[in-house]
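Student: Walk me through this model, one feature at a time. How should I read each one?

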Amino acid sequence: MTPIKKPKLAVWKFASCDGCQLSLLDCEDELLAVTQVIEIANFPEASRAIAGGPYDVSLVEGSITTPHDAERIHKIRRISKLLVAIGACATAGGIQALRNFTDVKNYVNYVYANPGFIETLKKSTPISDHITVDFELRGCPINKYHLVELVNALLNGRKPNIPTYSVCMECKRKGNVCVMVASGSPCLGPVTQAGCGAICPSYNRGCYSCFGPKETPNTGSLAGWFSEQMKLSNPDIVRTFRGFNAFAEPFRKESEAYEK
Amino acid sequence: MKSRTVKVDYLARIEGEGRLYVKIEDDKVTDVKFGIFEPPRFFEAFLRGRKFTEAPDITARICGICPIAYQMSSSYAMEQACGVKVTGPLRDLRRLIYCGEYIESHALHIYLLHAPDFLGYEDAIRLAADYPDVVKEALRLKKIGNDIMVLIGGREIHPINTRVGGFYKAPTKKELNKLVEPLKWALEASLKTVKFTSTLNFPDFERDYEFVSLRHPDEYPITEGRLVSNKGIDIEISQFLDYFEEEHVHHSTSLRGVVKGRSDYLAGPMSRYNNNFDKLPAIAQEAAKEAGLPKICKNPFKSIIVRAVELVFACHEALRLIENYEMPDKPFIEVNPRDGVGHGCTEAPRGILYHRYKIDKDGIIKDARIIPPTAQNQRAMEEDLRGFVEKNINLPTDKLTWQCEQAVRNYDPCISCSCHFLKLQIDRK
């Protein structure tokens with residue numbers, strides 16, 4: 001019998017904080033076991049040894065923000081059998097997508113003394129705006145157990161078991177008291193995809209939506225509550241929806257509705 | 001003219017993307033550029049118009065490796081702007097969660113990112129094949145750091161429980177006590193780490209650095225203190241911009257720090273250690289002595305031992321803080337905004353992280369300035385490379401290249417922080 005070849009995994013980085021790929025190294029209990037069954041073929045944050053493509057799985061972190069990166073992502077797609085976008089930057093454009101609501105020139109001039117040296121795109125966009133993505137792991141950062149589940153599912157040829165319902169479901173299951181009802185803290189839990197374990201409400205604060213919009217989110221109703229019941233000002237509502245998933249469509253539309 | 005070219009397109013085992021270029025002509029180093037090509041993300045620009053209370057959560061996203069540093073520097077800056085001082089158990093909790101970040105970050109860097117260079121391995125996974133127990137213990141140590149972050153902060157990357165004024169929820173003494181046994185093990189493992197790192201082979205290289213760090217009268221500095229250097233700086237953190245400045249050069253999207261009127265300086269574990277050896281607990285001082293680490297260390301390759309000594313400190317300090325902890329009545333101090341400017345500077349695992357904000361009476365951020373440690377160290381890294389290559393010009397190209405990479409990894413650079421893409425290229429003519 002010929003031994004089964006280990007699937008090759010590659011990790012790629014675009015505009016991001018490195019936190020999502022660090023999640024792989026944060027799987028302290030699982031890391032060595034994972035490396036027994038997959039070959040970490042291209043993961044510069046962890047190794048200087050780079051094995052060439054094609055790769056069975058590519059994990060892509062970060063958003064597309066430069067002309068160079070907009071080309072690079074196509075090359076990566078071509079050498080990847082499966083491509084998974086990981087984290088809010090890769091799935092929604094990340095916090096750096098706040099530039100999408102203004103003219104990025106103002107940003108360049110503000111931060112850099114010699115703006116001429118800086119090459120950047122007008123918008124920060126998710127990977128799926130540029131290429132076909134096979135799966136997305138949400139989160140800012142992703143949940144490291146989702147990553148283990150994803151690898152496991154891919155190895156076994158099944159669909160990853162990742163929830164698409166709201167944070168409220170997780171929060172109720174934990175037996176938390178609702179922070180919006182009990183303490184009047186604005187909470188994006190009702191419109192946010194589960195995955196973090198409802199940590200913010202568990203620590204007495206409202207969810208700020210690391211995991212982005214859930215399936216069919218009723219953002220209009222929630223924003224109405226913020227406005228009418230909780231007396232949040234329009235600029236506050238705009239800021240609430242403009243977090244780490246600001247450019248995800250339902251949140252973008254809602255924030256724009258309150259900007260007028 | 002003698003000509004040789006050495007090229008590495010992606011320097012690994014660092015956080016981020018950068019490029020290194022060394023030009024050698026007739027065995028003389030004629031140009032060194034450490035370039036950072038991390039796409040700019042414009043944090044300082046989009047922070048304007050946000051609420052002062054949002055800065056800790058937003059700036060944490062600059063770096064997934066040291067989010068606590070960002071949360072702390074920004075919180076301190078906002079509190080200073082609003083005239084509030086966080087003291088007592090809330091201050092201790094901040095120090096404790098910061099110890100968690102030190103343990104996690106230093107264990108990661110020592111064993112998974114830096115040690116493979118010294119032992120001739122491409123990475124820690126290959127290292128694990130020959131030394132499974134070393135890597136397993138390293139991961140366990142790293143996890144204990146993360147466990148502190150998870151317990152106090154809610155999760156290890158981008159914790160959600162810290163805020164301007166303190167925390168959303170304070171842990172109970174009983175909850176913290178769960179960390180005591182693991183931390184006792186971690187302290188022993190850290191002492192072993194000091195011994196282990198001291199047995200490595202170090203390239204013979206020293207430089208006359210300006211060591212810049214915080215210094216506090218009563219403690220080894222993490223969150224508070226004055227800014228000092230071995231070349232005469234002794235200032236309030238609010239004077240940071242009077243003494244340090246940033247240059248913007250063509251080959252980098254990160255701004256590079258220099259001491260005004262002088263030159264490069266060094267931030268990070270070696271500076272903290274050299275400026276504050278007397279403030280380390282006896283157990284860490286002893287460990288350093290036994291390892292043969294001098295009180296003033298000038299060999300950047302030995303920063304791996306210094307990190308190990310700081311691991312001892314962080315575990316010891318975490319145990320002390322937990323022992324003395326009494327749960328506060330309220331998890332935060334009320335912070336009301338006012339028109340003003342605030343400065344925050346804390347010691348990220350890889351060096352001082354400076355934040356400055358101007359806010360208005362409604363707490364809206366008007367102006368933001370963030371100077372991360374890797375940007376500050378960029379010039380020092382270039383100077384190290386220049387000096388190191390000059391001294392080792394006769395090494396074979398592949399060996400020289402690997403050692404140049406190692407020289408960059410001495411800094412535990414976090415290029416996401418300073419902006420990221422590390423490409424190494426040595427051009428020999």
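Tutor: Start with contact: two residues are in contact if their C-beta atoms, placed from the backbone, lie within 7 Å. Helices (H or I, at least four residues) and strands (E, at least two) are DSSP runs, numbered from the N terminus. The model is predicted: local features need pLDDT of at least 70, side-chain atom pairs count only at pLDDT 80 or more, and totals for chains, interfaces and linings use all residues. Residues are numbered from 1 along each chain as its sequence is written, while chains are lettered from A and ligands numbered from 1 in the order in which they are written.

Student: What covers the buried residues of helix 8 of chain B?

Tutor: First, burial. A residue is buried if 20 or more other C-beta atoms lie within 10 Å of its own, exposed if 12 or fewer, and partly exposed in between; these C-beta atoms too are placed from the backbone. In helix 8 of chain B the buried residues are Leu183(B), Ala186(B), Leu187(B), Ala189(B), Ser190(B), Leu191(B), Thr193(B), Val194(B), Phe196(B) and Thr197(B). Their cover includes helix 4, helix 6, helix 11 (282-290) and helix 12 (303-324) of chain B.

Student: Is Leu90(B) buried or partly exposed?

Tutor: Leu90(B) counts as partly exposed because there are 17 C-beta neighbours inside 10 Å. Leu90(B) sits in helix 4 of chain B. Leaving out residues up to four places away in sequence, Leu90(B) touches Gly166(B), Phe167(B), Pro328(B) and Ile333(B). Pro116(B) is 26 residues from Leu90(B) in sequence and 38 Å away in space, C-alpha to C-alpha.

Student: Now sheets. In what order do the five strands of the open sheet in chain A run?

Tutor: Pairing comes first: two strands pair if DSSP finds at least two bridges between them. The order in chain A is 2-1-3-4-5, and the pairing is parallel. Strand 2 (39-42) and strand 5 (135-137) of chain A are the edges, each pairing on one side only. Now angles: axes are lines fitted to C-alpha atoms, for helices over the stretch in contact, and angles run from 0 to 180 degrees between N-to-C directions. Neighbouring strands of this sheet are turned by 30° on average, direction ignored. Strand 4 (residues 80-86) and strand 5 of chain A share three bridges in the parallel sense. Ala85(A) has Glu136(A), in strand 5 of chain A, as its bridge partner.

Student: Which strands of that sheet does helix 3 of chain A touch?

Tutor: Helix 3 (residues 67-78) of chain A packs on strand 1 (8-13), strand 3 (55-61) and strand 4 of chain A, at about 130° to strand 4. Helix 6 (residues 144-155) of chain A touches strand 3, strand 4 and strand 5 of chain A, at about 160° to strand 5.

Student: Where are the edges of the three-stranded open sheet in chain B?

Tutor: That sheet has the order 11-12-13, with antiparallel pairing. Strand 11 (340-348) and strand 13 (365-371) of chain B are the edges. The twist averages 15° from one strand to the next. Strand 11 and strand 12 (residues 351-359) of chain B pair over nine bridges. Cys345(B) stands opposite Tyr354(B) in strand 12 of chain B. Strand 12 and strand 13 of chain B pair over six bridges. Five residues lie between the strands in their hairpin, where Gly363(B) takes a positive phi near 85°.

Student: Into which domains is chain A divided?

Tutor: Domain bounds come from an automatic or database domain assignment. Chain A has domain 1 (8-155) and domain 2 (167-257). Their C-alpha centres lie 25 Å apart. In chain A, 14 residues of domain 1 contact twelve residues of domain 2. Helix 4 (residues 88-92) of chain A gives the most to the domain 1 side, with three residues. That side divides into six nonpolar, seven polar and one charged.

Note on methods: Nonpolar A, V, L, I, M, F, W, Y, C, P; charged D, E, K, R; others polar.
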